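This briefing is intended for reading beside the sequence and the model. Please keep both in view while working through the topics below.

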Amino acid sequence: MERASTLLNEDGRMAMIVMHNLCFRRGFAELRRHLSVEFSSMWVSSYARRPDSLFAGSANVRNSILVTGQGDGQLQTASLRRWPTEGRQYLFEGLQYVRPPESLLRCGISSQWPFIGSARTASLFDVLVARQLPLQDVLVENSKYGLAHKKTALYMVGASPTPTPVIDAQGVQGVSVHDGWLFFGNEYHRDLALVVLVGRWTYLWWSMVVFPPLSGSVAVSTML
């Protein structure tokens, strides 16, 4: 992508289909910065792999399509698209691009390109990010008020005051390697975080800007 960007003249355009972690992976933060500098305008749409995927056969991956060109100098993104096979013919007709607010672009350890489906959703989370207490501000290093959470999510973000029980082939109980932990200074903050984490707002938040595995203070860091 970097090479292609350097081959274009000032009127050139570029379109590429790439892995969707271009939009959020910390390892691609420098590439996102480079592309933002090189191109006056970018449109990014992203696609899940279930129920149907962008490509048939063994290419069972999540993709993003990046299109660059002349415009108003802004990044615009679309939601992560999911569709049944019979809906493929309408896949691109239904695209809706939204200009992410700066508050969402700056969320997380590295600047992300959020998967946003509507301007109303973007505006709402812009207000939440600006006015609400970040979860990371009430986290502590360790305490008896812990909250186990799943590091990844599919249809919900799982969280519980007790870890997920795991029994191995020998019948010995252990702890799931797929659980992460958040610790709080008091029971009230832990229980409040539990209510937030398992709710639909957090799942919507995760599906936009925390798509990589949840861990530590990064998890839903602006929802309290």
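In this predicted model, the side chains of Glu 187 and Arg 190 meet in a salt bridge, with N and O 3.7 Å apart; a salt bridge is a side-chain nitrogen of Lys or Arg within 4 Å of a carboxyl oxygen of Asp or Glu. The model is predicted, so local features need pLDDT of at least 70 and side-chain atom pairs count only at pLDDT 80 or more, whereas totals for chains, interfaces and linings use all residues. Residues are numbered from 1 along each chain as its sequence is written, and side-chain values use heavy atoms, with hydrogens and water left out.

**Salt bridges**

- Both Glu 187 and Arg 190 belong to helix H5 (residues 187-197), where they are 3 residues apart, about one turn of the helix. Helices (H or I, at least four residues) and strands (E, at least two) are DSSP runs, numbered from the N terminus.
- An α-helix has 3.6 residues a turn, so residues three or four places apart point the same way.
- Arg 190 forms a further salt bridge with Asp 191, the closest N and O atoms being 2.9 Å apart.
- The term buried means under 20% relative accessible area, exposed means over 50%, and partly exposed lies in between (1.4 Å probe, protein chains only).
- Glu 187 counts as partly exposed at 44% relative accessibility, and Asp 191 also counts as partly exposed, at 31%.
- The structure holds 5 salt bridges, one of which joins Lys 150 to Asp 179, with the closest N and O atoms 3.1 Å apart.
- Lys 150 lies in strand S5 (residues 145-150) and Asp 179 in strand S9 (residues 179-184), so this pair ties together parts that are 29 residues apart in sequence.
- Lys 150 is partly exposed at 27% relative accessibility, whereas Asp 179 is buried at 8%.

**The four-stranded sheet**

- An open sheet is formed by 4 strands in the order S1-S3-S2-S4, with mixed pairing. Two strands are taken to pair if DSSP finds at least two bridges between them.
- The edge strands, S1 (15-19) and S4 (75-81), each pair on one side only. From one strand to the next, the twist averages 15°; the axes are lines fitted to C-alpha atoms, for helices over the stretch in contact, and angles run from 0 to 180 degrees between N-to-C directions.
- Strands of a sheet pair through backbone hydrogen bonds, either parallel or antiparallel.
- Strand S2 (residues 41-47) pairs with strand S3 (residues 63-69) in the antiparallel sense over 7 bridges. In this pairing, Ser 41 stands opposite Gly 69, and the bridge partner of Met 42 is Thr 68.
- S2 and S4 run parallel and are joined by 5 bridges.

- S2 is mostly covered, with 6 of its 7 residues buried.
- Ser 46 is found in S2 and stands opposite Leu 80 in S4. Ser 46 is buried because its relative accessible area is 1%.
- The side chain of Ser 46 makes a polar contact of 2.7 Å with the side chain of Ser 64. A polar contact is a pair of N or O atoms within 3.5 Å; within protein, one must be able to donate a hydrogen and the other to accept it, and residues adjacent in sequence count only if both atoms are side-chain atoms.
- Pro 51 is found in the loop between S2 and S3. A cis peptide bond joins Arg 50 to Pro 51, with omega about 5°.

- Leu 124, Trp 201 and Leu 204 make a nonpolar surface patch of about 270 Å². Patches are made of residues with over 30% relative accessible area and no salt bridge: like charges are joined within 9 Å, and nonpolar side chains (Val, Leu, Ile, Met, Phe, Trp, Tyr) within 5 Å. Accessible areas come from the Shrake-Rupley method with a 1.4 Å probe, and for residues only the protein chains shown count as cover.
- Leu 204 is found in helix H6 (residues 200-209) and is partly exposed, with a relative accessible area of 31%.
- H6 is mostly covered, as 7 of its 10 residues are buried. Among them are Tyr 203, Trp 205 and Trp 206.
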